[in-house]
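Reader: I've just opened this one and I'm new to it. Could you walk me through how the labels on it were decided?

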Amino acid sequence: MFDGITFVEFCNDRGGAEDGSSFTVAIKGATHQDLKTLEESVYAAAETMTCYDSLVERVGEIADSLGLEYETIYPDWYITIC
């Protein structure tokens, strides 16, 4: 069912745009090199982001520029165990 799909979680631990938020991106058919390039590009983009920029949008722009087929996933339900 999920063959060829890689799940990548992005977390924003820096203060600012989306303080402490995280989201997952499902990427179809990505190679190791694709994922490495995506990671490096996101790190580089994060250096120039302001509090008005969205990490979700920036990741989408980078994935589009790399020609990746992807879908951003937001959880419908959170379970916290204390």
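Predicted model: local features only at pLDDT ≥ 70, side-chain atom pairs only at ≥ 80, totals over all residues.

Reader: What makes E1 and E2 count as paired strands?

Author: Two strands pair if there are at least two bridges between them. E1 and E2 share 7 bridges in the antiparallel sense, so they pass that cut-off. One spot to look at is threonine 6, which stands opposite isoleucine 27 in E2.

Reader: And how do you know that E2 and E3 pair?

Author: By the cut-off of at least two bridges. E2, residues 22-28, and E3 are joined over 5 bridges, again antiparallel, so they count as a pair too. Lysine 28 has glutamate 69 in E3 as its bridge partner, and alanine 26 has glutamate 71 in E3.

Reader: Why are E1 and E3 said to stand at the edges?

Author: The 3 strands make an open sheet in the order E1-E2-E3. E1 (5-11) and E3 (69-73) each have a single partner strand, so one side of each has no neighbour in the sheet. On average, neighbouring strands here are turned by 25° against each other, ignoring direction. Helix H1 (residues 32-46) packs on the sheet and touches E1 and E2, with its direction at about 15° to that of E1.

Reader: Which residues of the largest nonpolar core touch the most other members?

Author: The core has 17 residues, and those with the most contacts to other members are Phe10, Phe23, Ile27, Val42, Leu55 and Val59. E1, E2, H1 and helix H2 (55-65) each supply at least two core residues, and H2 gives the largest share, with 5. In soluble globular proteins, nonpolar side chains tend to be buried together.

Reader: What does isoleucine 27 touch?

Author: Leaving out residues up to four places away in sequence, isoleucine 27 touches Gly4, Ile5, Thr6, Val8, Leu35, Leu38, Leu68, Glu69 and Tyr70.

Methods:
Residues numbered from 1 in each chain as written. Heavy atoms only, no water. Helix = DSSP H or I, 4+ residues; strand = E, 2+ residues; numbered from the N terminus. Axes fitted to C-alpha atoms, helices over the stretch in contact; angles between N-to-C directions. Contact = heavy atoms within 4.5 Å. Core = buried A, V, L, I, M, F, W, Y, C linked by side-chain atoms within 4.5 Å. Buried < 20%, exposed > 50% of the residue type's maximum accessible area, 1.4 Å probe, protein only.
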